[in-house]
Amino acid sequence: MNRVAIVGGGWAGIACAVELAAAGRPVTLYEAAKQLGGRARGVDWNGIRIDNGQHLMIGAYGATLRLLRRLGTAHLLERRPLQLRVPGFRLALPKLPAPLHLAGGLLLAKGLGLAEKLAAARFMQALKASHFSLPEDTTVADLLRRHRQPEALIARLWAPICIAALNTPVAAASAQVFCNVLRDSLAGSRADSDLLMNRADLGSLVGDAAQAQLGQRVKLGDKVSGLTRNASGFHLAGPEQPAEQVVLAVHPGRLPTLLAALPEMAGIASAVSAYAWQPILTLWLRFAAPPPFPFPMLGLGDGHAPWAFERNDLAPGLVAIVMSADGPHLSLPAEHLRDAYLDLLARALGPLPALLDWKVITEKRATWTCSPDLPRPGNATPLPGLYLAGDYTAGDDASDAYPATLEGAVRSGVKCAALVLKDA
């Protein structure tokens, strides 16, 4: 039976390994770090286990939910009907069957005039009529302009959704991928639009659970530095191990180096090396008492503005404030950023308890810029036995393309596992 090597222990690599192990395939997962999880992992901070960044999932994340059920950690998610709360605006989807939940939510939304509500409804109806498929990709800003979406509606609804899902500003984000997200969330079933909030650190949710389940199949602190081909398959430099089939589930920024000795992969390496990257900054705050959040997730401004998350599940009084994508906030001194975000939080919640501790974590290459017509490789490659897994890989067609999300990573890993089993 073919030996399979998976390089990279993020959520894509984990999903692939779990699938193959369940199918009885000999598989080894190599991860250069000392823990699994990749860009969605737990971090130790002064005796508290926090996340390297705040991640948000929705009910439509079917592949992710399936993985968590297999790992026995699905119970660590808190499911809530979608609410978007930003200053002067609130959208709450009622517990009604689709599409009444969206219609009711828009009708009762606070902070939008009738004309803006009707514009949002017309936009969603137009996308539904076209099956959320565009004749050609463009930017989200251009799509919204074509559909005459008012500026206030963009700032309070569409821009926050775009930033949260694609981690790319509307002026640069792919309209087709944005449509795919809207199709699977707001236009899906009522349960698909639910918010799923992890009520344990991401390590406990996936990384640690996968480590326990996979056991000796996982090799931590074992960096694969290169890949060569031979008569029997492939050779992994670093661990100095052979494998008949290899799944590269690393950050796409590492691909050009790993593929350097494989001329058949030059086109993919060149395409990925041209990617631009978007950061995610998370400010962790620990207060002497829990601030009075009316909902666990609050927007602190319109458009490209921070979101605050109540994380009392990790420690009483813990709050995460997240700023997605590039922007001037990245050039601020950490103390200035802290004070600015504390001020925004106080405006939303009123007087805050005493601040005990704080920490800034910036993932500089958290995601790739989800731009229109971005060249994204498939899971299969020109080399038999070599596969790519990660949130950057393409779906079966444009309508299946997902942004750089946990769901995109897991879907990719599961698809790679199916290809490995098929090609064995």
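Analyst: Helices (H or I, at least four residues) and strands (E, at least two) are DSSP runs, numbered from the N terminus. This is a predicted model, where local features need pLDDT of at least 70, side-chain atom pairs count only at pLDDT 80 or more, and totals for chains, interfaces and linings use all residues. Residues are numbered from 1 along each chain as its sequence is written, and side-chain values use heavy atoms, with hydrogens and water left out.

User: Which residue is the bridge partner of Ile-58 in strand 9?

Analyst: That is Leu-195. Strand 5 and strand 9 (residues 195–198) run antiparallel and are joined by two bridges.

User: What is the strand order in the open sheet?

Analyst: The order is 5-9-6, three strands with antiparallel pairing. Strand 5 (57–58) and strand 6 (77–80) are the edge strands, each pairing on one side only. In general, strands of a sheet pair through backbone hydrogen bonds, either parallel or antiparallel.

User: New topic: how do helix 1 and helix 12 pack?

Analyst: Helix 1 (residues 11–22) packs with helix 12 (residues 406–423) at an angle of about 35°, and their axes are 7 Å apart. Axes here are lines fitted to C-alpha atoms, for helices over the stretch in contact, and angles run from 0 to 180 degrees between N-to-C directions.

User: Which residues meet there?

Analyst: On the helix 1 side they include Trp-11 and Cys-16, and on the helix 12 side they include Leu-406 and Cys-416. Contact means heavy atoms within 4.5 Å.

User: Is Cys-370 buried or exposed?

Analyst: Cys-370 is buried, at a relative accessible area of 2%, and Cys-416 is buried too, at 0%. Buried means under 20% relative accessible area, exposed over 50%, partly exposed in between (1.4 Å probe, protein chains only).

User: Last one: how many residues of helix 7 are buried?

Analyst: Nine of the 10 residues in helix 7 (residues 175–184) are buried, among them Phe-178 and Asp-184. The buried residues pack against helix 4 (114–129), helix 5 (140–146), helix 6 (151–166) and helix 12.

Notes. Two strands pair if DSSP finds at least two bridges between them.
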